[in-house]
Structures are given as C-alpha cells and as structure tokens.
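This report describes selected features of one chain, with the cut-offs behind each term. The structure comes first.

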Amino acid sequence: MIWDWDYTWDILPDLLRGLVVTVQATLVGSVVAMVLGLVFALLRRSRATPVRVVTGAVVEFIRSTPLLVQLYFLFFVLPSLGITLSGFLAGVIGLGVHYATYTSEVYRAGIEGVPRGQWEAATALNLPTSRVWRSVILPQAIPRVLPALGNYVIAMFKETPLLSAITVLEMLAVAKGLGSQTFRYLEPLTLVGLLFLLVSLPASLTVRRLERRYAR
Amino acid sequence: MHADKVADTEKLAKAIRVEPSAAREMVRFDKVVKRFGDNVVLRELDFHVRPGERITLIGPSGSGKTTILRLLMTIEKADGGKIHVDGECLTHSNRGGREVPADEKHIRTVRKKIGMVFQQFNLFPNMKVLRNVAEAPVHCLGLSRGEAEARATELLELVGLGAKLDAYPSQLSGGQQQRVAIARALAMQPKVLCLDEVTSALDPELVAEVLDVLRNIAASTDITMLCVTHEMKFARDVSDRVLMFDQGQIVEEAAPDKLFTQPEHQRTRTFLRALLEEH
C-alpha cells in the first residue's frame, strides 16, 4: 500500500471540517468542565454535611464510570425519559461533566494551597464569605492551577473521538466514513493522527510554559 | 517620616476616628475556656479591658496569649464562657429571651468593633497596597470605592507609605508590609486593635519603623489595644497594664513599670530574666 497524494488532497477539506467540530466540542466541553468543576469543589466544602456527602458521591460515581457509557446514556437513554439531545450537545455535556470531576480535584488543591492566614485576615476584616472567595481566595488559587486545568483540556481534546460513537461528525468519524467509502484507511487515519498532533503539541508546550511561570 | 510628628498625631486622630464607647468595659472575658484536643489552652479565664486601655500580654509560648486575641477576633471559637465587646456579647445572642450560641450574622455585627494585625502580615498578595486597605471598607462599611480609596490613601500616608499605593505586597519590605497591615486594620475603624506579635517576623532593623507607627497611633487616638509582644521597651512605653500569662491563666498583672521592675511572682521573674538573656 503506497501513500496516495491526490487522495490526500481530496479528503483534507473534509477532515479539517471534522477538526473544527472536534475543537468546538473541546472548547464547549472545557467551559462546562471549568465551571462545573469549580461548583463541585465549592459544594464539597459546604458547611452543610448532606451537600458535601451528596456532591462527593456524585463526583465519585461519575469519575468511576467510563465516559463512553455516560455518552451512551445521555444520547440513547435520556430520550426514553423525554429528553432528546443532539449528538453534539450530549457529547459536550458528557465530556464537560466527566472532566468536571477531575477539575474539581484541581480546584480543591488550589484552594487548599491558599495559606490559612488569608482566611484569618479576611475574617479580621469582616469580609462576607462570598466576597472572600471572589476577592481573596479564587484570585490566588486559580492562577496556580491553570497549568493543571490546561492539561485536562488537552486530555479532553484527545478523547473527543469517543463522540463518533454518538453520531457526532468529528474528525475520526469523518475519517472512518471516508475509509469505508473508498476502502483506503491509510491516508484518512494518518491525517487524523497528524492533525491531533498539530493541535495538541503546541497546546502542551503552552501549558509547560504556564507551569514554569507559576512554579515558584 | 517623623519630620512633622505633631501634625501627624492630629491627622492620625482625625483619620482613625475611634468612636467613644458608652460601655464601662471594652472587652470582657468571663470564664472563657479554650481547648485544642486534650490540651486546655485557657482555663476559665476572667479579665477585662477598659475603653482606651492599652494591655500587653506576656508569657511563655503556649501560655494562651495569642489564643486570647484569636478568640476575640473570632478566628477561634471558645469552648466555654462568654466574651463581651463594647457591651455586646460576642459568643452568644439572645433569641426569644434565651441565650443561644451566636450565629454568623450576630458575630459579624460585633466583630466590626475589632481589628487585628498578624505576625505574618497576611496581606492579600493579589491586590495592590491601596486595594488591600480599601477592599474591606467598600464591602463592609458600605463606602464607595472612591471614598474608601481616599481614606486608604490618607491612612497609608500616615504610616509612611504614601508612595507605595500601587505596589504589590511582594514588592515591599517586611516592615512596610506590616505598616500596610496596620493601615488595613485601622481602615475598618475598629474600637479594639489586636496586635499579635507584630514584629516577630521582621528583620531587627525593621522593627523600629513598625513600633513607631504603633506608638503614634497609641499617642493620638483612644483606640483600645491588646498587644502580644516580646518587645519589652515598647510594652513599657505604650501599655497601661501588663498581664503575665502561664498555662492559660493570669499569673500576675500590674502597670508596666511595676511588673517589669518588681515582679511579685517567681514565674514572672524567671520569664523576664529569660527574655532579657535572649536580647
């Protein structure tokens, strides 16, 4: 089997359209994971024990079950409960919620890394709790965890091919489609790998740079 | 910084504006108990501080001095007894004629009267100096950002840091950071100021600038001060009364001149001698 350049140029536009979907899913999924992860982290610090316990159980459950099963559940089971989601929507919710369980751990470490003296000073100044979080704790915790969050975004990016299982035409699904039409898999699948590399390599280097900047 | 001390004193008095108190006692501890696990830090401690009085707490580490300030600041919770501040109970509130442990809302209203300066400064590293001082007045005293910053600027000038408003705490020396922390505490207009070993973390040559600021504040305002310190000269100059602590109880209390020169108790004598040798 020899590499066919004409075929390569033919399929590249289709694959790039798939890459756009892949990137979109990653971005939307990341926003969900960043926001929900913070919510999980805060709820797990709640003063109300039931809130802490329930959140902990939910997070543990989601983290301990496979993402693919969760995606199937969102896409195939929810409709029978009257909730029908498009493949893309189910995909980004699945990715976001799953990764939120990881990012919540990252936030937790960042929050616990803020020295106790900061809380004490905030108490001494009588700052309301919500203000302490917004002005004092999170502005110190979040910059420190940005590299770790960045690594999860890259990990999520590399897991988006799972969405092909729920009809999302991301890059891998496009490549598989092309392959089954022409019975040539070499070019499409190689290109998928290269395109993934093309995005994730610079992203990893950026995160590495961030890490060095905040490593003090 | 000390070129115009008299003017400074007047300005300080105006800037800090300690409201006069109607209560006879500014701080009152009634049989206060504090335990950390099995370790009893305070055992049924009674003492009081009059409005405007300057108290120095001395004693070996672990004797409970710092815990007293932290209980008063509500950073720690008492395991027993009651604490009153300016005539109001800090630890309990009255609900339908019954006395119940104070809730967050009640604590917040009483806590307003108290300010604290910490050994490790505890400035907010993510905020510039000006915002460190102005942040709480905006959110807790209801001042506009502009008003709060004007007052913060005034206070920072009075502690000699008018040129550092736009610096981050990490760009300042320890002495400068501690002066910012003093301005930050005063910006909330507390009636009681708790000073927890405020010079212990400083390089020796930076201690004086912080103590000078505190002397100025003591000289020009009526603010009540509770001070945990090993700076005996400062304690002598500023305080009205010195309390010697050991094992969670007051061993001896007297005016500084008396306590430092003619201590009555053996425990006080050994402690002061050890302190002298150290310096």
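In chain B, helix α4 (residues 129–140) packs against helix α5 (residues 145–158) at an angle of about 130 degrees, and their axes are 8 Å apart. Axes here are lines fitted to C-alpha atoms, for helices over the stretch in contact, and angles run from 0 to 180 degrees between N-to-C directions. The angle makes α4(B) oblique to α5(B); angles under 35 degrees count as roughly parallel, over 145 as roughly antiparallel, 65 to 115 as roughly perpendicular and the rest as oblique.

On the α4(B) side, the residues in contact (heavy atoms within 4.5 Å) include B:Val129, B:Leu130, B:Val133 and B:Pro137. On the α5(B) side, B:Arg145, B:Ala148, B:Glu149 and B:Leu156 are among them. The contact residues divide into 9 nonpolar, 2 polar and 4 charged; Ala, Val, Leu, Ile, Met, Phe, Trp, Tyr, Cys and Pro count as nonpolar, Asp, Glu, Lys and Arg as charged, and the others, Gly among them, as polar.

## Basis of the model

This is a predicted model, in which local features need pLDDT of at least 70 and side-chain atom pairs count only at pLDDT 80 or more, while totals for chains, interfaces and linings use all residues. Residues are numbered from 1 along each chain as written, chains are lettered from A and ligands numbered from 1 in the order written, and side-chain values use heavy atoms, without hydrogens and water.

## Sheet and hairpin

An open sheet of 4 strands in chain B has the order β2-β1-β4-β5, with antiparallel pairing (strands pair if DSSP finds at least two bridges between them). Its edge strands are β2 (39–49) and β5 (88–89), each pairing on one side only. Strand β1 (residues 27–36) of chain B is joined to β2(B) over 7 antiparallel bridges, and B:Arg28 has B:His48 as its bridge partner in β2(B). Helix α2 (residues 65–72) of chain B packs on the sheet and touches β1, β2 and β4 (80–85); its direction makes about 110 degrees with that of β1(B).

Strands β6 (residues 92–95) and β7 (residues 98–101) of chain B pair in the antiparallel sense over 4 bridges. B:Asn94 stands opposite B:Glu99 in β7(B). Their hairpin has 2 residues between the strands, and B:Gly96 takes a positive phi near 55 degrees.

## Chain B overall

Chain B has 10 helices and 12 strands (DSSP runs numbered from the N terminus: H or I, at least four residues, for helices; E, at least two, for strands). The C-alpha trace of chain B spans about 55 × 50 × 35 Å along its principal axes.
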